[in-house]
Amino acid sequence: MSTLREYLSHKRAALLARRESPTAGPVPLHAHVTAEGRSGIRRVRIRDFQIISDSGPDFAGYDLGPTSPELQAGVLGSCVTHIFLIKAAELAVSIDALEVDVRAEYDPRAQRPGDRGVPVHPHNFRYEVLIDSPASDEELAHLHAEVERVCPILNLIRNPQPVSGTVVRIRAGAPPV
């Protein structure tokens with residue numbers, strides 16, 4: 001059976017090399033989302049990857065992909081998982097298997113006028129880490145504390161920051177300027 005131990009040794013080497021790199025610095029992030037005609041699905045493009053986001057039939061969707069709030073839960077789970085791997089490699093904590101289960105709620109009633117007590121955003125996020133490791137309980141507790149200290153998406157949800165937005169008028173079908 002394959003475990004994460006060999007991967008963690010590769011991760012540790014990459015982590016150490018990255019830290020010593022003279023070009024290490026801020027990494028620009030970019031996502032572009034297009035709403036498709038007829039279906040309304042959202043094509044999320046990030047680098048050379050594409051993710052489809054959609055609504056269920058109860059909201060005029062076709063259920064072709066996860067909703068945005070579901071993607072947020074997945075993004076949190078992916079980030080917590082990745083930071084567990086990074087910190088395990090850094091702290092030399094052996095892990096054989098790792099899974100993260102994320103749960104949250106989203107209530108569409110928040111979009112209705114008058115429902116001021118319902119949060120408009122996904123809320124009540126919680127996650128459970130399922131881990132197979134020979135490490136002691138103390139080592140795992142320290143690992144978990146380090147993950148919570150540095151996980152970017154976990155900390156973004158806990159400590160939101162301002163987000164700015166603009167609207168630019170275009171002509172449908174015309175090439176972008």
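Tutor: One term to start: contact means heavy atoms within 4.5 Å. This is a predicted model, where local features need pLDDT of at least 70, side-chain atom pairs count only at pLDDT 80 or more, and totals for chains, interfaces and linings use all residues. Residues are numbered from 1 along each chain as its sequence is written, and side-chain values use heavy atoms, with hydrogens and water left out.

Student: Okay, which residues does Cys151 touch, if I skip those up to four places away in sequence?

Tutor: Cys151 is one of the residues touching the most other members of the largest nonpolar core, along with Val80, Leu143 and Val147. (Such a core is a set of buried Ala, Val, Leu, Ile, Met, Phe, Trp, Tyr and Cys residues joined through side-chain atoms within 4.5 Å.) Skipping those up to four places away, Cys151 touches Cys79, Val80 and Ile83.

Student: Which element gives the most to the largest nonpolar core?

Tutor: That core has 24 residues. At least two of its residues come from each of α1 (5-20), α2 (68-91), β4 (97-105) and α3 (137-150); helices (H or I, at least four residues) and strands (E, at least two) are DSSP runs numbered from the N terminus. With 10 residues, the top contributor is α2.

Student: Where do the buried residues of α3 pack?

Tutor: Leu140, Leu143, Glu146 and Val147 are buried in α3 (buried is under 20% relative accessible area, exposed over 50%, partly exposed in between, with a 1.4 Å probe and protein chains only). They line one face of the helix because, seen down its axis, they fall within an arc of 120°, taken from the directions from the axis to the C-beta atoms. Asp137, Glu138 and Arg149 sit exposed on the other side of α3. The buried set packs against α2 and β5 (123-132).

Student: Which strands stand at the edges of the three-stranded sheet?

Tutor: The sheet is open and antiparallel, ordered β1-β2-β3 (two strands pair if DSSP finds at least two bridges between them). Four bridges link β1 to β2, and five link β2 (residues 42-46) to β3.

Student: In β2, what is the bridge partner of Val33?

Tutor: β1 and β2 form a hairpin with six residues between them, and Arg38 in the turn has a positive phi of about 70°. Elsewhere, Arg42 stands opposite Ser53 in β3. For Val33, the partner in β2 is Val44.
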